[in-house]
Amino acid sequence: MDYMIIVLALLLVGSAFFSATETAFTGANKIRLKNMAANGNKRAELAMNIYENYDTLLSTILIGNNIVNIVATSLATVLFTNWLGGDLGVTISTVVMTVLVLIFGEITPKSLSKEMPERFAIFAAPIMRVLIVILTPLNAIFSAWKKLLRRLFQFDNNQGVTEEELMTMIDEVEQEGVFDEEESELLRSAIEFTDVNVQDILTHRVDMVALDSEDSMEEILATFRNNPYSRLPVYEETIDNIIGVLHEQDFMMMLQEEKKSIQDVIQPAMFVPESMKISVLLRRFQKENTHMAIVLDEFGGTTGIVTMEDILEELVGEIYDEHDQHEEDFRWVEEDTCFVNGNVDLEDLFETLHFEKDPDSYDANTIGGWVMEELGRLPSEGDQFTFEGYNVLVTKMEERRVTEICIHREN
């Protein structure tokens, strides 16, 4: 009788082992295991090899767990029946084994394994390798059964991770303290990078600084001195006729050589459509060894310019040097009052203030265009409207452009 109790205890240990192993391999960080294996940890390498064939691993765990639980339950029934008699023994056996399996065979081992999944997976790997070999015939049967089920029910085998799932993973990792806010934002920007078009980051033609090919040397020199740009587009007659790009360094060398025309030092301009992805443009910049492109609309007119710096800022945020004038896009003066730059992207505004409406429902990309759409006309300073519980006031205009608004939450 004593040996039966010892066997029952060992079966409970087996149940705990299988439960903990299932949790460990399910929750283990695959990248962490790969790194440990790359650093020479043989058990981690074995765990990774087992992990790669997860279906066989799971079948082995389930088979083993069910075998030990069924045998333990049967053995307990025999013990309690001998001690207490027929019906009472079966009832007590059922209650006792249910409690024991739940506490010591499921809840406790899974809770402990969840706290250190990689460590337990590495510990369990050699044992699981032996069990996988022993249970190969049964695994083969279940593998064939699974293939049959897949054909009958036509399961979706697309196991790819979506962009939304990646974003959720980053949020969870940030909450766990693995990444700080800046690292998480960089990862989000990298994931969204291939979705961004040139038109989302360009400098519009009204903000462009350009040179007329007929400008005098003094006018060109003054333009370079008054603006923090090392290269400027050059046009003939109209901004829609860009003929090239002038580098400040080339211009200064030309002045030293006392040449009178910039035609010999103008570099060819790169022209790109508004719809081009910035990931594609970045590769073109690298291939053609240039830093600026002229953006054209569907009619061939100049929409604006885009630079290498604009693309990098989409990844890492605004880049300022000692010559840049830093203006905050959102300037909070009170808890419920904010002044916003008119050039701010409309999506950024909606995300910052948690507006419910989809910004893609508007034709405009910037706040200035959004204000025009809401008013239904060209705005003037002092114009205002209400939007989702906020009062929106136009506070600054430059000619016909909205350069600043004030948003105040209404009580």
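Helix α9 buries Ser 184, Arg 188, Ser 189 and Ile 191, where buried means under 20% relative accessible area, exposed over 50%, and partly exposed in between (1.4 Å probe, protein chains only). These residues cover an arc of only 160° around the axis, which puts them on the same side of α9. The arc is that of the directions from the helix axis to the C-beta atoms. Helices (H or I, at least four residues) and strands (E, at least two) are DSSP runs, numbered from the N terminus.

The model is predicted: local features need pLDDT of at least 70, side-chain atom pairs count only at pLDDT 80 or more, and totals for chains, interfaces and linings use all residues. Residues are numbered from 1 along each chain as its sequence is written, and side-chain values use heavy atoms, with hydrogens and water left out.

The structure holds 8 salt bridges, each a side-chain nitrogen of Lys or Arg within 4 Å of a carboxyl oxygen of Asp or Glu. One of them joins the side chains of Lys 30 and Glu 52 (3.7 Å, N to O). Lys 30 lies in helix α2 (residues 30-38) and Glu 52 in helix α3 (residues 42-52), so the pair ties together parts that are 22 residues apart in sequence. Lys 30 is partly exposed, at 32% relative accessibility. Glu 52 is also partly exposed, at 48%.

A further salt bridge pairs Asp 240 with Arg 205, with the closest N and O atoms 2.7 Å apart. Asp 240 sits in the loop between β3 (231-235) and β4 (242-247), and Arg 205 in the loop between β1 (203-204) and β2 (211-212), so this contact ties together parts that are 35 residues apart in sequence. Asp 240 is partly exposed at 35%, as is Arg 205 at 34%.

Within helix α5 (residues 86-115), Lys 110 and Glu 106 are 4 residues apart, about one helical turn. Their salt bridge has its closest N and O atoms 3.1 Å apart. Lys 110 is partly exposed, with a relative accessible area of 29%.

A nonpolar surface patch is formed by Leu 138, Ile 141, Phe 142, Trp 145, Leu 148, Leu 152 and Phe 153, with about 740 Å² of accessible area together. Patches are made of residues with over 30% relative accessible area and no salt bridge; like charges are joined within 9 Å, nonpolar side chains (Val, Leu, Ile, Met, Phe, Trp, Tyr) within 5 Å. Accessible areas come from the Shrake-Rupley method with a 1.4 Å probe; for residues, only the protein chains shown count as cover. Phe 142 lies in helix α7 (residues 136-153) and is partly exposed at 40%.
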